[in-house]
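Here are a few notes to read alongside the model. I've kept them to the parts I'd look at on a first pass.

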Amino acid sequence: MLIQVCLYFYCKFLWRCLKFVMRKLTGRCELQRICYNTKPGASRTMKIETSLRDSKSKLLQTSVSVHPDAIEKTIDDIMELKKINPDINPQLGISLQACLLQIVGYRNLIAEVEKLRREPYDSDNPQHEEMLLKLWKFLKPNTPLESRISKQWCEIGFQGDDPKTDFRGMGLLGLYNLQYFAERDAAAAQQVLSDSLHPKCSKFNKADWEKKRMDKAIGYSFAIVGINITDLAYNLLVTGALKTHFYNIAPEAPTLSHFQQTFCYLMHEFHKFWIEEDPMDIMEFNRVREKFRKRIVKQLQNPDMALCPHFAASEGLINM
């Protein structure tokens, strides 16, 4: 343990020495070198974030968590601290502002998502009830819901006759995501719902399908899986894995819509992955989900990665 501590401080000392030498040789501080030598997007923003967070300056350390309205003032303070003339280096301020908007925005997005996750579904809340009924309407537009408490909810993948009990794990966040998917991409959501009931039907004609042994429970519960994929998206967000994606597609602060668009992408990709894995039964769900999670995490380790949108809801995404 003592050796590890000594090694840490030794490496930190060497790094500070290297930064000092680089500044003397180039005439630029680390922030300047990153902004001028790294392309916009996740590569630049993540390097800026690390540089600010690891700085010995309190101003730089706290700059990653300032209020969005204070970003311009913070950049002016950083330029003054680093003795950088903004008239000579106008692009630096613009680049730093873009990076800080993304960094601060990501932190604020976590807080917003966490708030929704912690808010329980309340059947006495008219807004909650309206969202739930809209979910049914978007997924089953041609089938009226006979009553609020009904076995019909199982048709879209809830476990019982009252969906509110299924939202306990992810709170309102699960409902927000499911409704977003169902409303913004109704055709795609309805297709995924249909395929989740009979995922192999699309691969075979009726005659071939009839010949197959019907001994495999290869479908899944759409709504329950949607809540589970919400949990996956949430964990990717809070662990920072989604920084690569958001820093590459959001020119400024990532928003809740970006998160929900990412959920749509994950639902679509998991559905394809589930069919490709060809599980023996629903008991393999955790294995398939974990394998899928590892694949997404591996993709996000590429600093140039932006999860490619497949839905109309994601057409507004911008790949920087």
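A quick definition before the points: contact here means heavy atoms within 4.5 Å. Keep in mind, too, that this is a predicted model.

1. Start with helix 3, residues 42-53. Its 12 residues reach 16 Å from the first C-alpha to the last, close to the 16 Å expected at 1.5 Å a residue. The buried residues of this helix are Ala-42, Ser-43, Arg-44, Thr-45, Ile-48, Glu-49, Ser-51 and Leu-52. And what covers them? The cover includes helix 2 (30-37), helix 4 (58-62), helix 5 (71-81), helix 6 (90-118) and helix 12 (243-249).

2. Beyond its neighbours within four places in sequence, Ile-48 is in contact with Leu-31, Ile-34, Cys-35, Leu-96, Cys-99 and Ile-103. Together with Phe-259, Ile-48 has the most contacts inside the largest nonpolar core, a set of 83 residues. Helix 6 gives the most to this core, with 11 residues.

3. Next, helix 8 (residues 171-184) and helix 13 (residues 256-277): their axes come within 9 Å and cross at roughly 70°. Angles of 65 to 115 degrees count as roughly perpendicular, so helix 8 is roughly perpendicular to helix 13. Among the residues making the contact are Tyr-176 and Phe-181 of helix 8, and Phe-259 and Met-267 of helix 13. By type, the contact residues divide into 9 nonpolar, 4 polar and no charged.

4. Last, Val-238, found in helix 11 (residues 222-238). Val-238 is partly exposed, with a relative accessible area of 35%. Its C-alpha is separated by 9.4 Å from that of Ala-111, 127 residues apart along the chain.

Conventions:
Residues are numbered from 1 along each chain as its sequence is written. This is a predicted model: local features need pLDDT of at least 70, side-chain atom pairs count only at pLDDT 80 or more; totals for chains, interfaces and linings use all residues. Side-chain values use heavy atoms; hydrogens and water are left out. Helices (H or I, at least four residues) and strands (E, at least two) are DSSP runs, numbered from the N terminus. Buried means under 20% relative accessible area, exposed over 50%, partly exposed in between (1.4 Å probe, protein chains only). The expected span of a helix is 1.5 Å times one less than its number of residues. A nonpolar core is a set of buried Ala, Val, Leu, Ile, Met, Phe, Trp, Tyr and Cys residues joined through side-chain atoms within 4.5 Å. Axes are lines fitted to C-alpha atoms, for helices over the stretch in contact, and angles run from 0 to 180 degrees between N-to-C directions. Angles under 35 degrees count as roughly parallel, over 145 as roughly antiparallel, 65 to 115 as roughly perpendicular and the rest as oblique. Ala, Val, Leu, Ile, Met, Phe, Trp, Tyr, Cys and Pro count as nonpolar, Asp, Glu, Lys and Arg as charged, and the others, Gly among them, as polar.
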